[in-house]
Amino acid sequence: MFYVEVHLDKAGKLVDVKVAHHGENPVSCPELIQHLRDKHFDEFSKHLKGLVNLYKLPGDNKLKTKMYLALQSLELDLTKMMHMFRIATNANTVETILHGSVGLLTARSGGHLVSLQCYVSPNDIFEEGTGAQLNFTDVNSVSVSVTVEGTTSVYKLPIAPLITGSHPVDNKGTPSFSSVTNSNCVDLPACFFLKMNCLMPFSALYIKKMGSSTGIPVFETAPTLSPLYDLIIKSQLHEDGGASPPALAQTMRFYAVSIRHHWGFCL
């Protein structure tokens, strides 16, 4: 389904690293080139693992190819949506993350999936004390990865981009989509997935709302629910290397500090 070419010169020096997916011409991958030049073999291996995982799909090679085409079509549409928003609103990077229709997109490279950066906290946007806006490279943002995975149910997925034209229909960058037909979509035992790149609590109500909006259950089996304060404590203890929540966790106080206000709340 894919292969990786490593090009060396006669002296054994690295020249190029190319990745080719099924039916595509090999394309140079700067990240893989840099990892090998820097002898970061663990990172190189992670890319190879990501490429293998991309094709851990049900069915034969023909079916897997259709699923890859579906993912590729979605990636092209998402990229177009981001650019349309930025052109229509003249948004900078942080505005694209916070207000863009899909956030800030980083294209798939090697074994790394497409990433959508969709949130950055106000405390990470402005420099403490001065209030000056930080460069994007200085901020910590929340992101999700976009992929396709096999499912027990069959869904209609696009095998061609669905956005028509290159101009939005309004001043918010909203694109125009073509109708879903048998010529641009096929029924596949797979679905698109947004994967969180870090643990994050979601309310049960919001999970239900996502399922209602898409008509697709968020989980095939219902997850175990926990109170918010338990999730906050477990998350913080994990970051600090702790093992388990302390006794009487319900009486703990949680404080958040903002740029202009200091406030706290107790659960």
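Contact here means heavy atoms within 4.5 Å. Helices (H or I, at least four residues) and strands (E, at least two) are DSSP runs, numbered from the N terminus.

Some ground rules. This is a predicted model, where local features need pLDDT of at least 70, side-chain atom pairs count only at pLDDT 80 or more, and totals for chains, interfaces and linings use all residues. Residues are numbered from 1 along each chain as its sequence is written, and side-chain values use heavy atoms, with hydrogens and water left out.

Back to H2. The helix runs over residues 41-54, 14 residues in total. From first C-alpha to last, H2 reaches 20 Å, close to the 20 Å expected at 1.5 Å a residue. That expected span is 1.5 Å times one less than the number of residues.

Which residues of H2 are buried? Phe44, His47, Gly50, Leu51 and Leu54. Buried means under 20% relative accessible area, exposed over 50%, and partly exposed in between (1.4 Å probe, protein chains only). Down the axis of H2, the buried residues fall within an arc of 115°, so they line one face of the helix. The arc is taken from the directions from the helix axis to the C-beta atoms. On the face turned away, H2 carries exposed Asp42, Lys46 and Lys49.

Next, charges. Side chains of opposite charge can pair when their charged atoms come close. Our salt bridge criterion is a side-chain nitrogen of Lys or Arg within 4 Å of a carboxyl oxygen of Asp or Glu. How many salt bridges does a search of the whole structure find? Four. I'll take some of them in turn.

Glu75 and Arg108 meet at 2.7 Å, N to O. This pair links distant parts of the chain, 33 residues apart: Glu75 sits in helix H3, Arg108 in the loop between strand S4 (104-106) and strand S5 (114-120). Glu75 is buried, at 9% relative accessible area.

Lys195 and Glu149 form another salt bridge, at 2.5 Å, N to O. Lys195 is in strand S9 (residues 185-196) and Glu149 in strand S6, 46 residues apart. Both ends are partly exposed: Lys195 at 36%, Glu149 at 25%.

Then Lys156 and Asp187, at 3.3 Å, N to O. Lys156 lies in strand S6 and Asp187 in strand S9, so this pair ties together parts that are 31 residues apart in sequence. Lys156 is partly exposed, at 40%. Asp187 is exposed, at 51%.

Now a charge without a partner. Asp77 lies in helix H3 (residues 61-89). Asp77 is buried yet has no salt bridge. The nearest side chain of opposite charge, Lys80, is 6.4 Å away. For that count, Lys and Arg are positive, Asp and Glu negative, and His and the chain ends are left out.

What does Asp77 touch, beyond residues up to four places away in sequence? Pro161, Leu162 and Ile163. A polar atom of the Asp77 side chain lies 2.7 Å from the backbone nitrogen of Leu162. For the backbone nitrogen of Ile163, the distance to a polar atom of that side chain is 3.2 Å.

Last stop, Val120 in strand S5. Val120 counts as buried, at 1% relative accessibility. Val120 and Ser141 are 21 residues apart in sequence, and 4.4 Å apart in space, C-alpha to C-alpha.

Notes: A polar contact is a pair of N or O atoms within 3.5 Å; within protein, one must be able to donate a hydrogen and the other to accept it, and residues adjacent in sequence count only if both atoms are side-chain atoms.
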